[in-house]
Amino acid sequence: MFEVNALGYRLRFVDREAEVEVLRGWVERGSPVVEFVYGPEGCGKSTLLRYVAKTLSRGGSVVVYVDALERDPSRAVVGVDLPRGELVEIGRALGGPLGAALASGLSRLVEAIASRLRVSGRNLALLIDDPIKALGLERGDAYVKWLYEFIYKIPGEYGAGRVLALVTASEGLSRRMLSRHTYLHTSLIWNLPRQGFAELLEQLPQPGVGEEEAWLVTGGNPRALIDLALRYGWNVERWVRDLQYRLAEVVRRARLEGFERLLAEALEDPDALWYTGGAEKLAHLLEAENLVLYKHSPALAGAEISEDKSLGIGRYYAWQIPAYRDAIQRLLENN
Ligand SMILES: Nc1ncnc2c1ncn2[C@@H]1O[C@H](COP(=O)(O)OP(=O)(O)O)[C@@H](O)[C@H]1O
Ligand SMILES: [Mg+2]
């Protein structure tokens with residue numbers, strides 16, 4: 001069974017059946033372009049990819065998960081059935097943290113893995129988590145282009161069958177940068193749906209708040225839910241107060257740029273950022289700060305993420321976590 005560890009709580013992997021099915025198809029058929037999956041911070045992208053690398057990597061397919069932000073290759077690489085010692089050795093050969101080594105070193109990493117795993121005749125899927133955060137916008141952009149070209153070299157050089165290259169990001173500027181390219185296909189993943197959220201909630205200590213309230217403040221974001229339960233002991237008030245500290249600077253900047261009214265409107269309806277003339281700059285700021293996400297992209301799971309006013313989800317834009325609106329609302333009121 002695949003479990004996630006949170007502060008000693010062993011959490012069962014919930015939901016995501018539809019996403020796993022889509023990814024299974026991509027692993028089996030390969031993709032002629034780089035697959036780019038983006039979604040809210042903490043919605044479960046890394047967990048999903050680790051799960052996929054653990055469960056789909058066998059028989060005809062090798063699925064390699066690489067955490068671009070992790071320094072220790074024995075933790076950064078999942079789905080590769082190699083002893084820890086060998087992974088450490090591979091990491092040493094790359095010379096340093098994976099992120100820094102990625103742009104120049106991924107081919108060497110794949111080579112090292114391919115030569116030990118015999119990918120010949122098998123499908124190879126490379127799931128590269130958060131490369132833009134690790135490399136920065138410009139190097140990340142160049143890296144994804146390189147990855148695209150690399151897809152076409154793998155079958156010839158390593159004799160692999162179908163090839164999939166997938167990258168992720170949470171933050172809006174990476175999305176803007178990457179989704180302009182024709183060599184890349186963009187999909188959106190969202191926070192957990194209500195049922196999956198309830199299954200995760202069930203595994204956490206007895207809630208001090210009702211399920212409905214927990215849903216309305218976290219919007220089904222698993223990291224927010226776990227944080228609220230384990231760090232804040234279900235004290236929503238204290239959680240939102242901490243968010244206020246984090247967001248005070250953003251609100252100040254929005255104010256100084258003359259966006260106070262528009263920001264208040266976006267709390268009611270995030271699509272105000274879409275429909276209002278001159279809103280582009282505020283949208284940029286909120287996207288860069290990981291607060292709001294452009295959501296007008298095909299969903300990874302196929303079914304469109306529906307608009308939901310109570311959670312701050314519009315047609316074009318959505319708040320990544322509903323509680324951000326409460327914190328910003330208070331900051332605007334307190335002046
Ligand atoms: N499907 C899931 N089932 C159970 N727990 C999950 C699931 N998805 C995410 N989590 C929990 O939420 C946390 C945040 O998820 P993570 O994958 O790190 O998000 P992201 O990569 O999108 O920022 C994880 O540490 C994990 O504990
Ligand atoms: Mg992640």
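**A ring pair and its setting**

Analyst: F150 has a relative accessibility of 4% and therefore counts as buried; buried means under 20% relative accessible area, exposed over 50%, and partly exposed in between, with a 1.4 Å probe and protein chains only. The model is predicted, so local features need pLDDT of at least 70 and side-chain atom pairs pLDDT 80 or more, while totals for chains, interfaces and linings use all residues, and side-chain values use heavy atoms without hydrogens or water. Residues are numbered from 1 along each chain as its sequence is written, with chains lettered from A and ligands numbered from 1 in the order written.

Helices are DSSP runs of H or I with at least four residues, numbered from the N terminus. W146 is partly exposed, because its relative accessibility is 24%. The structure holds 12 aromatic pairs. In the pair of W146 and F150, the ring centres lie 4.7 Å apart and the planes meet at 15°, so these rings are stacked. Rings of Phe, Tyr and Trp (its six-membered ring) pair if their centres lie within 6.5 Å; planes under 30 degrees apart are stacked, over 60 edge-to-face, and the rest tilted.

Helix α7 covers residues 137–158 and also contains E138. E138 is exposed, because its relative accessibility is 69%. S174 is 36 residues from E138 in sequence, yet their C-alpha atoms are 9.5 Å apart in space.

Elsewhere, W274, Y275, Y294, Y316 and Y317 form one aromatic cluster.

Another helix, α12 (residues 236–256), has 21 residues and reaches 29 Å from first C-alpha to last, close to the expected 30 Å; that expected span is 1.5 Å times one less than the number of residues. A kink of about 45° in α12 is centred on L247, the bend being the angle between axes fitted to the seven residues ending at a residue and the seven starting there. L247 is also one of the buried residues of α12, which include W239 and L243. The helices against which the buried residues of α12 pack include α10 (211–218) and α16 (323–334), where contact means heavy atoms within 4.5 Å. Beyond α12 comes G258, with a positive phi near 80°.

Definitions and conventions: Helix = DSSP H or I, 4+ residues; strand = E, 2+ residues; numbered from the N terminus.
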